[in-house]
Amino acid sequence: MSKKTVILFILLSGILIFNESCRHDPDYLFDDSYTLNTPSGFPAPAIPDDNTLTKNRISLGKKLFYDKRLSVDNTISCASCHIQQHGFSDTSSLSHGVSGRTGIRNAPALINLAWMNSFMRDGGVPTLELQILAPLQDHNEMASDINATVTELKDDDYYAMMSQRAYNRDFDPFVLTRAISAFERTLISGNSRYDKFLRGEITLTSSETNGMNMFFSAPFNCSSCHSGFNFTDLTFQNNGLYQHYADTGRARITLRPEDSGKFRVPTLRNVAQTAPYMFDGSLATLSDVVDHYASGGANHPNKSPLINGFTLTSQEKTDLINFLNCLTDNEFLNNSAFREN
Amino acid sequence: MKNFLVILTAISSLLLLTGCPKDPTPPPAESEFGTLHLEFTANFNGQPFAINSIYSSAFNYQIKPETVIMLVHHIVAKASGGDSTEIRQHMKVDYSATSNEGDFSLMPGNYDGISFNIGVDGSLNHGDPSALPSTHAFSINQANDMFWSWSSGYIFFKFEGRADTTGTGSGSLDRLFFFHTGADTMYRRIEFYSSPFTITKGQTTNLFVELDVNKLLVGVSDTIDVKTDYATHTMDNLSLATRFVALYTKAFTVHQ
């Protein structure tokens, strides 16, 4: 057999194999892999082994995130209370659910969830996947039963197809909770004016700089809890909002009296867009928040010892708020990848 | 080539002769076993029990139980002077269902009795029910109504209903009550190791675990007055949940 015949044989075999592959698998050339865009200065996130990120999973999750059929009467989606332009939080003090019902807490912002170690304002839910069940089945929010929701959605052609592509199984509660989590882990904010300042790309104004210095130093102590790349140390703190808490917060989970009135320290990224503030949305503006901490808060046996009150001038208050405004990430708030298709 | 074949044959023979020398004794054939038919049943103070029926209870109250469900973990049969055998790991007992039963193969012999746990042990209690197979008794498909999604834990025992607390039998049933107990500290083992039974080869032995629903509220040393103590999700009323758990651990009997 001549060399030419061998080369011809190899070429023809290659073409035949390629054609055959394409004929049976239309996605042969589709690259489903997804690399999380981790901003500089952020550590690597912990992604669960059973829900590594892929394009199909994220697409499926986004579709579900915006699907009102997740609620019992098809009126509320995740996005109803988690609005992108507000850092995926809500402008209402308390979440609004189906049939005009009102939830018990302010909807938290969905930002940099891939770095969270527990979920809900009381930290009662250990994984993002499990957290999906909470609003979906809460009587005051979506009031669904996940099994009924799955029964309704599994015949949807898109969900049936994407479920197989993304998780290689029929649409079920596992797929629903994983897919939404996959999408939510892509909601990353790390390109605010402050981030650009840290990277040496811009300079802050003198007011912003003064506010930054206040934020990171005594007597204000903001960064004692709002620390690190995500402006939270992920602890649970009683910030002296009330003398008596109707909602006991972390104690509801741990049953420990010393946790009463404690709630997770939230991220401050995009904080200017996530009003109202506190676990119950009781403070309407950043100015109100600064006033609360300046007052030292209400007496409560569990109040953080860091909250002792302070005095500041009107200009200092403006400076502090101007710095908080520097944490707004317009690229995140307007990212078309997060919008409903 | 001839030498190679000789060596190959020798090695093969050696492997055949020495392979798996420590294989365990093969399990007995199915025909060697007998069957334990275990059934969870209920009564109300000795009367036949049915969900949504109305019964007289303490304080001359009328009680209408609407939901009685529990999660049972690790049902064990203890052989007399021998080992314990876990006959079922997970079971959801819903007293509104037509049956809560199972047939289990056991080695013939005398047994001291059975034990089971009400609740879900710590290894599963904080897991993800959507990751369990859909046929699993504690999966989200089977036990979604027994899972607190806001705190990621199971409701071990759920007792809900209505009561007429006027004491006059007016039938108004205006007091809603619910007892939802969970949390690791509420996991309880119930033992009936003085309720012997015998398993005979090829035959079925019936065993009934009977709940007296009235005893969920009325005990020897404590009685819950649903007029005043009518609601707990455990965390929001821990003292009432603790009382309720103490009552239900004494509310079962076993008989053949």
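Across the interface of chain B and chain A of this predicted model, the rule finds 1 salt bridge, meaning a side-chain nitrogen of Lys or Arg within 4 Å of a carboxyl oxygen of Asp or Glu. Asp128(B) pairs with Arg178(A) in a salt bridge whose closest N and O atoms are 2.8 Å apart. Local features need pLDDT of at least 70, side-chain atom pairs count only at pLDDT 80 or more, and totals for chains, interfaces and linings use all residues. Residues are numbered from 1 along each chain as its sequence is written, chains are lettered from A in the order in which they are written, and side-chain values use heavy atoms, with hydrogens and water left out.

**Interface**
- Chain B places 16 residues in contact (heavy atoms within 4.5 Å) with 19 residues of chain A.
- The area buried between the two chains (accessible area, 1.4 Å probe, lost on being put together and summed over both) is about 1,500 Å², with 57% given by carbon and sulfur atoms.
- In chain B, Asn144(B), Ser149(B) and Trp150(B) lose the most area to chain A, together 35% of what that side buries.

- Not counting residues up to four places away in sequence, Phe116(B) touches residues including Phe40(B), Val72(B), Ile190(B) and Phe252(B).
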